[in-house]
Amino acid sequence: MPAARTGVEIERKFLVDEPPAELEQAKASDIRQGYLVIAEDGDEVRVRERGSELTLTVKQGHGRVRAEEEVELDDDSFDRLWKLTDGRRLCRRDLELLWEA
């Protein structure tokens, strides 16, 4: 059975005056994701590929704190669901920096 992750997402975004000097050493993750459902109330269902990790994620609610359920997918399931996201896809790169206040 695929692994699942349950929890609450706390969305945080930071506006900085300039990129930190450590940006070149940041851990990078290339992400490809497509949305199956994007509801007006903020609920969403998406599939995501990050390296070899394939997931289906359901988010409920809106604002900074939202409920989130995530299930790992096999290649076939991901490919079948990916076809349904045509027109609602994006590619991005996440950078992870450790920050000491």
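I began with Leu54 and listed its contacts (heavy atoms within 4.5 Å). Leaving aside neighbours within four places in sequence, I found Leu54 touching Arg48, Glu49, Val71, Glu72, Leu73, Asp74, Asp75 and Phe78.

A note to myself on the source: this is a predicted model, where local features need pLDDT of at least 70 and side-chain atom pairs count only at pLDDT 80 or more, while totals for chains, interfaces and linings use all residues. Residues are numbered from 1 along each chain as its sequence is written, and side-chain values use heavy atoms, with hydrogens and water left out.

Leu54 is one of its 5 residues, together with Val47, Leu73, Phe78 and Trp82.

Then I turned to Ser29, which sits in strand S2, residues 27-38. Is Ser29 buried or exposed? Ser29 counts as buried because its relative accessibility is 16%; buried means under 20% relative accessible area, exposed over 50%, and partly exposed in between, with a 1.4 Å probe and protein chains only. Not counting residues up to four places away in sequence, Ser29 touches Arg50, Arg92, Arg93 and Asp94.

Last, I stepped back to the protein chain. I counted 1 helix and 6 strands (DSSP runs, helices being H or I with at least four residues, strands E with at least two, numbered from the N terminus). From the N terminus, the order reads β-β-β-β-β-α-β. Of the 101 residues, 24% are buried. Among contacts between residues at least 6 apart in sequence, 51% join residues at least 24 apart.

Definitions and conventions
Core = buried A, V, L, I, M, F, W, Y, C linked by side-chain atoms within 4.5 Å.
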